[in-house]
Amino acid sequence: MKLSKIFLSVAALSAMCAQAESFEAGGIHFTTTGANSVKVDRVPADKAVTSPYKGVYIIPEQVYFDGANYNVTAIADSAFYQSKATEIQVPNSVKTIGEGAFAYASDLTSVTLPLNLNAVSKLMLAGTSVVNVAVPEGVKNIGWGAFQSCGLLHTMLLPSTTKKIEAYGYNNCHNLYEIYCAAPAAPEASGWAIFIGLSGIDVIVPDEEAVEKYAANAIWGNEETFTLYPSEDVSISMTGEVEKYNDQYMRFALGNNLAYKIYKGDEQIALTAADYYYVPITAEGAEYTIVPTDMMNDADPTTVIIEPSAVKNVIADYDLPKVYGRDGAIHIHGNTHGDMVTVFDMYGRLCFRRHTNGDEVITLDKGIYIVLVGNHPTKVRL
């Protein structure tokens, strides 16, 4: 009996140590899910009125809290439910987006899904104002009611891995005019009310052989709802124009009812059909390649170079705090006048961000960092 009590006490202590913590960083609310991972969560009830989700959200791959960096690996169920978010860019560190994560956020017009997404969840974007959505390769299922009542949805781009669209998937999407589906065989779509009441939808598939397979399917072969076409060459070109969004990001203007593969160097970093794609401002600059695609054929690439001068050198100012590295930490000494202190690593990843009025010591791993105090950047080596 005593031994059992000891075991219970140890188990209770372990549960307490593993208890999730919630915190806010950069206007986004997070909850820990492990020793070094977090999920994006709903705005807590006591802050929902004073600091609701509103506007553009570029979710970072990493976030700094209480002396540690956490990988952002998930979006919680209903995280942005009924929020006033207008654009959301989800990083590739995220593999799971919960049920109803963006549902009924009626102002949401654009979303970039992560390349490593494992599924489109139930009611994920239902009731939003998204216009064009690209689902990345690897996703097999479009969940129950995932795009239900997306009244402005015009173009849907589905990957070659698509196997099934569940019930109510596109129910009440009366402006859906194009589905680009790279799957060589027709995805299962036999659930209730997936395309009920819809008509005049062009479905573009890989080739003539795929057209025959889709036409033989009871759902996709319904000529009152769909007209089937083989994919053709994509000839759209990009201007290559880029604009500064704020002190942390530049953005590419996209659009045109197609998807875009975006590369940094040789690495693909995004597939998106959003209106804009945002990239971090770094001291080193970067070269990006934008490739318009219909998921089956690619157009000619456009190269965009973000110059290192996007981050300027600090001009001497006696009123600015001193920023320097020492003993494995970034030290900020002096009056910051309540400015936001933001730290990026050499890859442009957010490492630290909060308002401060006095001295600050930020412990980080060895490396090169850009420290922004308000709009004044300093490069620090640890």
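In which loop is Leu113 found? Leu113 lies in the loop between strand 9 (110-112) and strand 10, and that makes a handy place to start our walk. Keep in mind as we go that this is a predicted model.

Is Leu113 buried or exposed? Its relative accessibility is 2%, and because buried means under 20%, Leu113 counts as buried. Leaving aside residues up to four places away in sequence, Leu113 touches Val90, Ile97, Met124, Val133, Ala134, Val135, Pro136 and Leu271.

The chain has an average pLDDT of 88, with 91% of the residues scoring at least 70. Two stretches call for caution. Over residues 1-17 the pLDDT stays under 50, and the model shows 0 contacts beyond four places in sequence for them. Residues 310-318 also stay under 50 in pLDDT, though here the model has 12 contacts beyond four places in sequence.

Now follow strand 10 into the sheet. Strands in a sheet pair through backbone hydrogen bonds, in either a parallel or an antiparallel way. Here 5 strands make an open sheet with parallel pairing, in the order 10-12-14-15-16. Which strands stand at the edges? They are strand 10 (132-134) and strand 16 (226-230); each has a single partner strand, so one side of each is left without a neighbour in the sheet. From one strand to the next, the twist averages 15°.

Inside this sheet, strand 14 (residues 178-181) and strand 15 (residues 201-205) run parallel and are joined by 3 bridges. Look for Glu178, which stands opposite Asp202 in strand 15. Helix 2 (residues 208-215) packs on the sheet, where it touches strand 14, strand 15 and strand 16. The direction of helix 2 makes about 160° with that of strand 16.

Next come the aromatic rings. Searching the whole structure turns up 20 aromatic pairs. One of them joins Tyr245 and Tyr278 edge-to-face, at 4.9 Å centre to centre and with 75° between the planes. This pair links distant parts of the chain, 33 residues apart: Tyr245 is in the loop between strand 17 (242-244) and strand 18 (249-253), while Tyr278 is in strand 21 (residues 276-280). What is the relative accessible area of Tyr245? Its value is 33%, so Tyr245 is partly exposed, whereas Tyr278, at 3% relative accessibility, counts as buried.

Another edge-to-face pair is formed by Phe252 and Tyr288, with 5.6 Å centre to centre and 65° between the planes. Phe252 sits in strand 18 and Tyr288 in strand 22 (residues 286-293); the two are 36 residues apart, and their pair also links distant parts of the chain. Both Phe252 and Tyr288 are buried.

Rings can also join up in a group. Phe147, Tyr170, Phe195, Tyr214, Trp220 and Phe226 are linked by ring pairs into a cluster.

Finally, look for charges over rings. Arg251 has its charged end over the ring of Tyr276, 3.8 Å from the ring centre.

Definitions and conventions. Residues numbered from 1 in each chain as written. Predicted model: local features only at pLDDT ≥ 70, side-chain atom pairs only at ≥ 80, totals over all residues. Heavy atoms only, no water. pLDDT = per-residue confidence, 0-100. Contact = heavy atoms within 4.5 Å. Pairing = 2+ DSSP bridges. Helix = DSSP H or I, 4+ residues; strand = E, 2+ residues; numbered from the N terminus. Axes fitted to C-alpha atoms, helices over the stretch in contact; angles between N-to-C directions. Phe/Tyr/Trp six-rings, centres within 6.5 Å; stacked < 30°, edge-to-face > 60°. Buried < 20%, exposed > 50% of the residue type's maximum accessible area, 1.4 Å probe, protein only. Lys NZ or Arg CZ within 6 Å of the ring centre and 35° of its normal.
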